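Please look over the notes below alongside the coordinates. They start with the fold of one chain and then turn to the interface.

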Amino acid sequence: MLTRLIIAAFVLSCTAIAGAYALAFLPAGAPPLAAWGLALGSAGVLAAVMALGAARHGRLRPIPLAAAILTFLTVAGAFAAALLLPPNEGKAAVLVLGFPLRTAIVLYGVGVVPMLFLPVAYALSFDDDTLTEADLERVRRAARERQA
Amino acid sequence: MRAWLLLQAGAPAMRHPVILAIAVGYFLVVGAIGVWAARRTRNARDFFVAGQGIGIVPLAIAAMASTLSGFAFIGGPGLVYSVGTGAVFLVLSASITNTLGAWVLAKRMRLLGEARGLITIPDAIAARFRSPAAQGLSAVAMLVAIVGYMATNFLALGLVIDAMFGTGLSLGVWLAMLVTLSYTVTGGILAGVYTDLFEGLVKTVASVTVFYFVLQAGGGMAGISRAITAVDATFLGPWGKLPALSALSLFFVFGLGSLGQPHIAHKYYMLKDPRRLKWYPMLMSLAMSLTLLLYVGVGLAMRAKVASGALPPLVRADDATPAFVLAFTPSAVAGLVFAGVIAAGMSTVNSFMNIGAAALTHDLPRAFGRRVGNELRWGRIWTLVLSLVAVVVAQFSGTLVAFLGIFGYGLFASTLVPALAIGLNWQGATREGAVASIATGLTLTLMLETLAYFRVFSLPAGVTVSGLSLLLSLLVFFAVSWFTRARAASQLDSDIRVVMEV
């Protein structure tokens with residue numbers, strides 16, 4: 001059931017991207033809605049494929065689940081903020097950590113923040129939720145049985 | 001490739017004795033690693049997957065070195081100089097893709113190596129779907145992209161060698177091929193991984209050092225931004241000079257497409273202890289973020305210098321890195337950067353030599369139900385043949401090389417992401433879906449890129465061939481798998497099912 005949900009989310013995200021690309025073919029060019037399709041669709045495919053990879057036995061444990069949700073919220077949120085906030089990158093630009101506000105939200109929100117929690121989430125969940133000694137032994141046993 | 005041509009502009013200054021000494025020292029270390037690895041390469045398993053004996057630190061740094069080709073040091077900063085923050089969207093997803101790759105691919109690939117002793121990417125696809133057709137088709141797609149990548153990098157390396165040693169372009173290309181070939185053909189991927197480790201360290205040190213000089217020359221990041229925003233209101237906008245759709249399209253292709261890059265995925269087979277994967281995302285993210293500082297910093301610093309009138313505009317954007325290091329850093333740092341550029345090209349070529357040889361020695365014969373008797377010997381022979389073909393293409397085809405180099409990433413993504421990355425994690429995927437998606441990605445990429453190259457047809461702004469091909473191959477994969485879903489369970493061997501479940 002969980003896998004089906006993840007695949008559905010993945011296909012839905014792909015459909016959003018397809019919609020964005022389709023809108024770009026309009027004679028007048030891509031309307032603003034197209035960027036929203038790509039922003040949310042891209043965040044969706046990355047979070048969905050992450051959840052798909054982290055799921056085991058049709059279940060997603062709390063840490064990988066939180067990582068996938070947080071990835072979607074961070075990426076989609078940063079892109080949404082950049083699309084929603086008024087442009088202010090000229091002479092009077094307010095700089096945040098060295099960049100104009102909208103740019104800082106995208107560069108730090110998408111380019112840095114996930115790096116602060118994803119590797120930690122992976123390491124924290126590895127021993128119990130990703131690959132145990134028992135898992136390895138199960139794979140080796142299956143290989144031996146196949147060879148026999 | 002256009003990026004590299006511009007290195008010639010800095011040729012005289014690049015012949016500074018300190019720069020040359022560092023380059024020569026670099027080649028000597030690479031040669032020594034090649035000799036060491038050659039003595040330890042005794043069979044095809046050693047040659048193609050380093051005997052499955054690589055530690056997590058060398059693996060992570062080698063993966064970073066292979067991921068970031070010369071583009072990260074030359075073309076990338078040039079693109080940042082041209083289109084501002086829009087160019088950062090090529091690498092923005094690196095904050096996610098390292099962990100993503102570990103969750104989606106690393107464990108499954110390594111366990112497939114454990115269960116079946118697999119050595120290539122098409123091997124994994126064949127085992128997952130019990131399909132020689134999928135193995136053969138994915139091998140063909142990889143070979144098409146590999147020859148282009150290799151030719152582009154040989155040409156680029158030849159230009160750098162010519163600029164540094166005054167050899168002339170033709171001899172430079174041959175020298176680049178011979179140096180890379182010498183350690184790849186003897187030491188196989190073992191030599192490749194350890195030269196990648198050395199090259200990765202060179203690139204990281206060079207990037208961090210140059211970034212220090214970027215901040216110093218520009219008055220910090222705020223100083224750089226102030227200089228740029230004073231004259232240009234869009235350059236430092238969230239999408240830079242690109243339309244939002246184009247920037248986001250780059251994010252999609254380089255984010256999801258990272259799961260289809262065979263020179264990275266192939267390295268997962270080589271890890272000695274699969275339980276050490278725990279630290280892979282952390283190591284890879286650290287190495288990648290440090291090495292990308294140069295990519296982001298140099299282009300912005302050069303644009304700030306031009307905006308403030310301190311420097312005249314660059315004639316060619318790709319001069320950004322050579323111009324910056326020659327003007328604002330000591331000769332030793334410039335030498336380190338140019339060694340890093342050579343390192344980047346060689347580490348990428350070496351990986352492609354190896355997986356290309358594996359496709360010819362191992363995958364294509366198996367796709368036709370045959371097996372090569374001595375895979376080590378034939379692996380070496382095919383490495384040589386592929387290198388010769390790539391050099392000939394690089395020498396005689398001019399703009400074709402640039403064309404071949406452009407679509408490599410997209411071709412890998414559209415042909416391998418569905419069957420490999422999704423296929424290894426979704427038991428509902430079918431053989432028919434895998435074959436259809438690989439065929440779709442291969443056909444669409446070749447057709448659309450060729451039509452665009454000959455200006456017969458062009459896509460609207462914001463839609464890229466690689467993005468469209470990746471998207472359509474994914475949709476075909478899901479659609480065909482859904483229509484043939486009744487066959488999914490019967491196409492899965494019991495040991496592969498275990499690998500997918502754990």
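1. Along its sequence, chain A runs α-α-α-β-β-α-α-α, which amounts to six helices and two strands. Helices (H or I, at least four residues) and strands (E, at least two) are DSSP runs, numbered from the N terminus. The model is predicted: local features need pLDDT of at least 70 and side-chain atom pairs count only at pLDDT 80 or more, while totals for chains, interfaces and linings use all residues. Residues are numbered from 1 along each chain as its sequence is written, with chains lettered from A and ligands numbered from 1 in the order in which they are written.

2. Chain A is more spread out than a compact globule, because its radius of gyration is 20 Å, well over the 15 Å from the globule rule for 148 residues. The radius is taken over C-alpha atoms, and the rule is 2.2 Å times the number of residues to the power 0.38. Along the principal axes, the C-alpha atoms of chain A fill a box of roughly 70 × 40 × 25 Å.

3. Of the 148 residues in chain A, 49% are buried (20 or more other C-beta atoms within 10 Å of the residue's own, C-beta atoms being placed from the backbone).

4. The interface involves 60 residues of chain B in contact with 63 residues of chain A; contact means C-beta atoms, placed from the backbone, within 7 Å. Several helices of chain B each supply at least two residues to the side touching chain A, among them α14 (280-307) and α21 (465-483). The most comes from α7(B), with 11 residues.

Conventions: Two residues are in contact if their C-beta atoms, placed from the backbone, lie within 7 Å. A residue is buried if 20 or more other C-beta atoms lie within 10 Å of its own, exposed if 12 or fewer, and partly exposed in between; C-beta atoms are placed from the backbone.
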